[in-house]
Amino acid sequence: MKADFWKRFDDALSAMGNPVKSEPAFKYKYETLEGLLAIVKPAMASQGLRLMQYITVVDKDSYLRTAILDTRSDGEPWVLDTRPIAMGANPQANGSAETYARRYAIKTICGLVGVDDDGAAAVPQQQNQPARTASAPQASPQQAPQYPYYGGY
């Protein structure tokens with residue numbers, strides 16, 4: 001059953017495209033939580049998986065946990081990311097911290113990297129640059145690392 005879960009999780013990851021950084025903030029852009037979920041949720045659902053994010057409190061410290069639930073089994077959710085969230089008296093700051101943590105947790109467990117929607121325009125083109133050589137060979141699917149189980153909640 002564990003191998004089936006990880007195979008379907010890997011298939012879901014393969015179906016995801018990278019999000020576009022489109023939301024302006026100061027001098028940079030970022031991916032919205034809504035945009036990330038629009039990429040992740042359908043790919044997960046197609047494999048019988050569901051993304052879960054929730055906050056737990058341990059000894060007065062708050063943590064965001066990101067887990068994957070296998071909707072085809074009765075098993076416990078697989079917690080793949082736990083990160084602290086600083087919560088205080090300001091509800092707006094708390095919401096911002098939670099949204100920021102949720103975006104980065106999703107990007108982490110799904111291996112998503114934001115794509116600049118104007119990256120080519122931001123980098124000046126230089127003339128007479130030497131051709132780049134090929135990078136190091138990539139691991140074949142048989143050599144790809146297995147996903148570890150980080151425990152339950």
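1. The largest nonpolar core has 21 residues; a nonpolar core here is a set of buried Ala, Val, Leu, Ile, Met, Phe, Trp, Tyr and Cys residues joined through side-chain atoms within 4.5 Å. Buried means under 20% relative accessible area, exposed over 50%, and partly exposed in between (1.4 Å probe, protein chains only). Phe9, Met16, Val40, Met44, Ile68, Ile106 and Cys110 have the most contacts inside this core. At least two of its residues come from each of helix H1 (2-15), helix H2 (33-45), strand E4 (49-58), strand E6 (78-85) and helix H3 (91-110). H2 supplies the largest share, six residues.

2. The model is predicted: local features need pLDDT of at least 70, side-chain atom pairs count only at pLDDT 80 or more, and totals for chains, interfaces and linings use all residues. Residues are numbered from 1 along each chain as its sequence is written, and side-chain values use heavy atoms, with hydrogens and water left out.

3. Leaving aside residues up to four places away in sequence, Ile106 touches Leu33, Leu36, Leu37, Val40, Leu51 and Gln53; contact means heavy atoms within 4.5 Å. Another core, of five residues, lies apart from the largest one and includes Met52, Tyr54, Ala67 and Leu69.

4. The protein has four helices and seven strands, in the order α-β-β-β-α-β-β-β-α-β-α from the N terminus. These are DSSP runs numbered from the N terminus (helices: H or I, at least four residues; strands: E, at least two). Of the 153 residues, 32% are buried.

5. The structure holds four salt bridges, a salt bridge being a side-chain nitrogen of Lys or Arg within 4 Å of a carboxyl oxygen of Asp or Glu. Asp4, Arg8 and Asp70 are linked in a network of them. Arg8 meets Asp4 at 3.0 Å, N to O, and both lie in helix H1, four residues apart. Arg8 meets Asp70 at 2.6 Å, N to O. The latter pair links distant parts of the chain, with Arg8 in helix H1 and Asp70 in strand E5 (residues 61-70), 62 residues apart.

6. Arg8 counts as buried because its relative accessibility is 4%, and Arg8 and Asp70 are both buried. Asp4, at 40%, is partly exposed.

7. Asp11 forms a salt bridge with Lys7, the closest N and O atoms being 2.8 Å apart. Asp11 and Lys7 are four residues apart in helix H1, so about one helical turn separates them. Asp11 is partly exposed at 27%, as is Lys7 at 48%.
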